[in-house]
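Good morning, and thank you for joining this meeting.

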Amino acid sequence: LANTAWACATAQYEAPPFYEQLAYACRVRISDFNAQELANTAWAFATASHAVPALFSGIEAEVVARLRAEGGVAPEAAFKPQELSNLAWAFATVGEPSRSTSGGEAELFGLEFGRRCDAAADLFRREELTQLHVWCLWHSLECGQTEGMPSEALRRRCHAEFTAQQGRPSRLQRHVGAALFRLVGSRPREEVTIPEGYSLDYLVEWRGARVAVEVDGPSHYAAASATASAAQHRAPSSATLLKRRQLRSSGLRLVSLPYWELNELQAQPRRGRDDLRACSASTSSPCGPSPGHWHGATSGQWSRLLERAVRDDQRVESADDP
């Protein structure tokens, strides 16, 4: 069951009814899972953006019981660093509160979790440190908890590794930078790293507000399967949803520009002097030269796109506000 969940998530298989049935089967057999299978199952359902609260509650209860009993189990049955980080990342990604955040009996992310991370600090690999970093953000920033956090030294290592993993600007991103330059009248700040460790594609002043602009290319979306529908191909990946949520939790106004809308703007005919290619028509432009296929979306179109995106972001924030 755990291997099936892992394989489907890795292959980006999209079939919600299947995941519901698989979650039920896992929940019934959860006490039979070993440490790796528990962690892999949580990771798989989080990666597939298919959170089943009853399953995650069952995983948490089982993990807590195993952690409490680890003193009397064989080393190979104990939770390894990769399994601890996979569990932490999965709960952070689905945003499923641990009972430790509401005073319940099971405390997966209580004091003991932080101590176990510190005890294994030298064994965590790079990817695992980045997983722990987003968990630390979730635990402290989103859940408002300080108990169970790793030591400051380990958190600094997680932060440093997370910031080192940020990607490079894409070609599409540079096109957007050219358009923003034309629109706001000044060169937008590019690849801005905020204190939480996330890198913003652009940070601009818009209507008196500081707005983070994220250019979401195909890699930001979940479905790669040939069986996926058009809507599923436009569903953000679990990592994209996590980043958006944590950026908003940090207090930023966020605008996400999906690649298919940007491609539609690129495909529109030229419209005289309002052509956004004017922003980057020469190699001396701060935005760089314009590619030959960048056609003429107007400043008005870009303005409306930003206005709508900001409006949508406000609506999301309002809906999330208890």
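**Aromatic rings and cysteines**

Let us start with Phe-113, which counts as buried because its relative accessibility is 1%, under the 20% cut-off. Please keep in mind that this is a predicted model.

How many aromatic pairs does the count come to? The count comes to 13 aromatic pairs. In one of them, the ring centres of Phe-109 and Trp-138 are 5.8 Å apart and the planes stand at 80°, so this pair is edge-to-face. Phe-109 lies in the loop between helix 5 (81-94) and helix 6 (111-119), while Trp-138 belongs to helix 7 (residues 126-142); the two are 29 residues apart, and the pair thus links distant parts of the chain. Both Phe-109 and Trp-138 are buried.

Phe-113 also takes part in a pair, with Trp-135: this pair is tilted, with 5.1 Å from centre to centre and 55° between the planes. Here helix 6 contributes Phe-113 and helix 7 contributes Trp-135, 22 residues apart, so that distant parts of the chain are again linked. Trp-135 is buried, at a relative accessible area of 0%. Phe-109, Phe-113, Trp-135 and Trp-138 are among the members of one aromatic cluster, which also includes Phe-56 and Phe-91.

I turn now to the cysteines. A disulfide is a covalent bond between the sulfur atoms of two cysteines. The count of disulfides here is zero. For Cys-117, the nearest cysteine sulfur is that of Cys-136, 7.7 Å away. For Cys-158, the nearest is also that of Cys-136, at 5.6 Å. Cys-117 is buried, with a relative accessible area of 0%, and Cys-158 is buried, also at 0%.

Technical notes
Residues are numbered from 1 along each chain as its sequence is written. This is a predicted model: local features need pLDDT of at least 70, side-chain atom pairs count only at pLDDT 80 or more; totals for chains, interfaces and linings use all residues. Side-chain values use heavy atoms; hydrogens and water are left out. A disulfide is a pair of cysteine sulfur atoms within 2.5 Å. Buried means under 20% relative accessible area, exposed over 50%, partly exposed in between (1.4 Å probe, protein chains only). Rings of Phe, Tyr and Trp (its six-membered ring) pair if their centres lie within 6.5 Å; planes under 30 degrees apart count as stacked, over 60 as edge-to-face and the rest as tilted. Helices (H or I, at least four residues) and strands (E, at least two) are DSSP runs, numbered from the N terminus.
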